[in-house]
Amino acid sequence: MKTTWKVAAAAVLIGGGIWAGSLLNEKVEGAGVTNQPGTADDPVVTKSYVDQQIQQALKGASSNSSSQSTDSSSSAQAGNTAASSSDEVKIVEVKPGQKLIAAAGAEFVVRAGKAVIYSEDQNGVADLTDGKDITNGGIVTNNHLLSFPRAGRGIQHQEGQTHPLTVMVRGGYSIQ
């Protein structure tokens, strides 16, 4: 008698579980689906279509960058000032006694040499690698990304250095 009750209880629990699961599945099945793949809301595209769109986008970007590079090279020849596109990185050499002044939003990475921050006011420059603010006269660690939020700040040689600085620059700058 005991085993009969156990088998009957197990059958009722399993049957009830299957019945409850089927009810819950019906309510959830279509709740979050608003569009199916292949419909107008979510079209399926072929690899050739994606490749074609990428090529068109690259052609448009290359024609824009070639016109910008001629503009920046002509401005660089006229007075040691350069304005480059936001993605273009230039390698700049700064001789002893010169200052590399950033335009607003420029980024520098000192690759070779010993540099310090130059600022006309008390505010500094953000060292994004260390997450610190380097104030005027503070030593710049090589291979650290520096962000210049405002124009008029820059880098210069550390006292007593005779070798030029090699700096990667993204954005506008001037050499004074």
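Among contacts (heavy atoms within 4.5 Å) between residues at least 6 apart in sequence, 69% join residues at least 24 apart. This is a predicted model: local features need pLDDT of at least 70, side-chain atom pairs count only at pLDDT 80 or more, and totals for chains, interfaces and linings use all residues. Residues are numbered from 1 along each chain as its sequence is written, and side-chain values use heavy atoms, with hydrogens and water left out.

**Overall make-up**
- The protein has 2 helices and 12 strands. These are DSSP runs numbered from the N terminus: helices are H or I with at least four residues, strands E with at least two.
- Along the sequence the pattern reads α-α-β-β-β-β-β-β-β-β-β-β-β-β.
- Of the 176 residues, 23% are buried. Buried means under 20% relative accessible area, exposed over 50%, and partly exposed in between (1.4 Å probe, protein chains only).

- An open sheet of 6 strands runs in the order 2-11-4-9-6-7, with antiparallel pairing. Two strands pair if DSSP finds at least two bridges between them.
- Strand 2 and strand 7 (132-134) each have a single partner strand, so one side of each lacks a neighbour in the sheet.
- Strand 2 is joined to strand 11 by 6 bridges, antiparallel. Val92 has Val167 in strand 11 as its bridge partner.
- Strand 6 (residues 125-127) pairs with strand 9 over 2 bridges, also antiparallel. Here Ala126 is bridged to Ser147 of strand 9.
- Side chains alternate along strand 2: Lys90, Val92 and Val94 point to one face and are buried.

**Nonpolar core**
- The largest nonpolar core holds 20 residues. Such a core is a set of buried Ala, Val, Leu, Ile, Met, Phe, Trp, Tyr and Cys residues joined through side-chain atoms within 4.5 Å.
- Leu100, Phe108, Leu146, Ile155 and Val167 have the most contacts inside this core.
- Elements giving two or more residues to the core include strand 2 (89-94), strand 4 (106-112), strand 9 (145-148) and strand 11 (165-170).
- Phe108 touches, among others, Leu100, Leu146, Ile155, Val167 and Tyr173, not counting residues up to four places away in sequence.

**His144**
- His144 sits in the loop between strand 8 (139-140) and strand 9.
- Its relative accessible area is 11%, so His144 is buried.
- The side chains of His144 and Asp127 make a polar contact of 3.0 Å. A polar contact is a pair of N or O atoms within 3.5 Å; within protein, one must be able to donate a hydrogen and the other to accept it, and residues adjacent in sequence count only if both atoms are side-chain atoms.
- Not counting residues up to four places away in sequence, His144 touches Phe108, Val109, Val110, Asp127, Thr129 and Asp130.
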